[in-house]
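Please read the following report alongside the sequence and the model.

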Amino acid sequence: MNNSEDTQGTQGAQVKRLVVKIGSSTLTDDSGRLDASYLRDMARQIAQLKALGSEVLIVSSAAIVAGLQSLNMPPERPNDIPTLQAAAAVGQIVLTQSYTKAFAEHGLKLGQVLLTRNDTKNREAYLHARDTLERLLELGIIPLVNENDTVAIDEIRFGDNDTLAAQVAILVKANLVVLLSDIDGLYTADPRLSEDAELLESVEEFTREIVEAAGSAGSERGSGGMFTKLEAARMLMAAHIPMIICEGHSKDAILNAAQGTLKGTHFKREAPGQHANARRLWLALSGTVCGTVTVDAGAVSALRERGSSLLPVGVIAQSGAFEKGSIVDIRDEEGLLVGRGISNYSSEALEEAAGQRSSELIESAALELNAKPEVVHRDAMVIF
């Protein structure tokens, strides 16, 4: 499928399948409580999209917020894990009931799907999750997806629903991801602090300026920020799935985003390139990043322009303690992210092999430990 032909490339086009992610700050009012009127309006918009033939999946935050509200606790996000998970356990029920009530007014049904990284990391579990989501859509049910915060620990958490939304979109081969936020897109600087900040309406590649513009923003009720949205955009652009960041309270935000007429930041890779296949995307993007491999300019060129594997000769440094089979980020000398993939070397072995040519590795203990010359093979790598 060519996503550029099936998504909102031109005004008025209709999206076949989209993932809508709603952040906690968008789904709650100024007092930190769930905003029932906003939920009803969102249900109305999604009902209209479904009537036009679109399939919609929702990735929703605010379970912890809903739980804190139900428990009569302060709306600020707790710092201790047991309280967070207890609030999530209560809040998942409250949140689902709130969605069910709002969507029932339009004759729509939802099916709750709770995921952790274990459900994407394991290939069999990944495919089962995909099949469940696909079957729900076939039945006309709207999947309501959230992280399973009641059992997740750091090692298996997505950590933010922007990343989860990207994973869900890749899982079901969505045609568009809409991130509803409390800001109308990515700016050149923080618009709350700088009068000169300008909205970036279109992003086709990541530069240092764009990454720095993201900052580390996030509300006290949420766990994300603009940085996590950019990380989601990286993943989706590798999969050639467009993404929009927009202000969630704009009139008909979901409808207009789906039709490409909403003000916001649109992330879409326009330049021709090889689409990463589904298995490669799964291999490189499904697990937790355990370290970083820094490469020289020659390696960057080989990876991006020739689709080569990463060889030890191009490696100039690495950070983090990782094992063979771990997922690592590949960055250039300025620290910009080039790609992500599965390392054939442990950090210890790579430290010995870094900078060596294949001919020099023949007698190397590092190669003896790994039996593969590539640090990251091109079939287990995604280039951003």
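The paragraphs below begin with conventions and then turn to individual residues.

This is a predicted model, in which local features need pLDDT of at least 70 and side-chain atom pairs count only at pLDDT 80 or more, while totals for chains, interfaces and linings use all residues. Residues are numbered from 1 along each chain as its sequence is written, and side-chain values use heavy atoms, with hydrogens and water left out.

**Salt bridges**

A salt bridge is taken here as a side-chain nitrogen of Lys or Arg within 4 Å of a carboxyl oxygen of Asp or Glu, and a search of the whole structure finds 14 salt bridges.

| Pair | N to O distance |
|---|---|
| Arg135 and Glu138 | 3.0 Å |
| Lys229 and Asp162 | 3.4 Å |
| Lys263 and Asp184 | 3.3 Å |

Helices (H or I, at least four residues) and strands (E, at least two) are DSSP runs, numbered from the N terminus. For accessibility, buried means under 20% relative accessible area, exposed means over 50%, and partly exposed lies in between (1.4 Å probe, protein chains only).

Arg135 and Glu138 both belong to helix α7 (residues 123-138), where they stand 3 residues apart, about one turn of the helix. Arg135 is partly exposed, with a relative accessible area of 45%, whereas Glu138 is exposed at 57%.

The salt bridge between Lys229 and Asp162 has its closest N and O atoms 3.4 Å apart. Lys229 lies in helix α10 (residues 226-238) and Asp162 in helix α8 (residues 161-172), so this pair ties together parts that are 67 residues apart in sequence. Both partners are covered by the protein: Lys229 counts as buried at 7% relative accessibility, and Asp162 counts as buried at 1%.

For Lys263 and Asp184, the closest N and O atoms of the salt bridge are 3.3 Å apart. Lys263 sits in the loop between α11 (253-258) and β8 (265-267), and Asp184 in the loop between β5 (176-181) and β6 (202-203), so the contact ties together parts that are 79 residues apart in sequence. Lys263 counts as exposed at 52% relative accessibility, while Asp184 is buried, with a relative accessible area of 16%. Elsewhere, salt bridges that share partners join Glu231, Arg234, Asp329, Arg331 and Arg340 into one network.

**A negative patch**

Glu323, Glu348, Glu351 and Glu352 form a negative surface patch. Patches are made of residues with over 30% relative accessible area and no salt bridge, like charges being joined within 9 Å and nonpolar side chains (Val, Leu, Ile, Met, Phe, Trp, Tyr) within 5 Å. Within this group, Glu351 is placed in helix α14 (residues 347-353) and is exposed, with a relative accessible area of 58%.

**Cysteines**

How many disulfides does the structure hold? With a disulfide defined as a pair of cysteine sulfur atoms within 2.5 Å, the structure holds 0 disulfides.

**Positive phi angles**

Ala62, a residue other than glycine, has a positive phi near 90 degrees. Ala62 is located in the loop between β2 (55-60) and α4 (63-70), and is buried, with a relative accessible area of 4%. Lys173 is likewise not a glycine, yet has a positive phi of about 55 degrees. Lys173 lies in the loop between α8 and β5, and counts as exposed at 59% relative accessibility.

**Pairs apart in sequence**

Asp41 is found in helix α3 (residues 36-51) and counts as partly exposed at 29% relative accessibility. Although Asp41 and His249 are 208 residues apart along the chain, their C-alpha atoms are separated by 9.8 Å. A second pair involves Ser358, which lies in helix α15 (residues 358-361) and counts as partly exposed at 43% relative accessibility. Ser358 and Glu374 are 16 residues apart in sequence, and the distance between them in space is 9.0 Å, C-alpha to C-alpha.

Methods. Areas by Shrake-Rupley, 256 points an atom, 1.4 Å probe, with all protein chains shown as cover. Lys, Arg positive; Asp, Glu negative; His and termini not counted. Charge placed at Lys NZ, Arg CZ, Asp CG, Glu CD.
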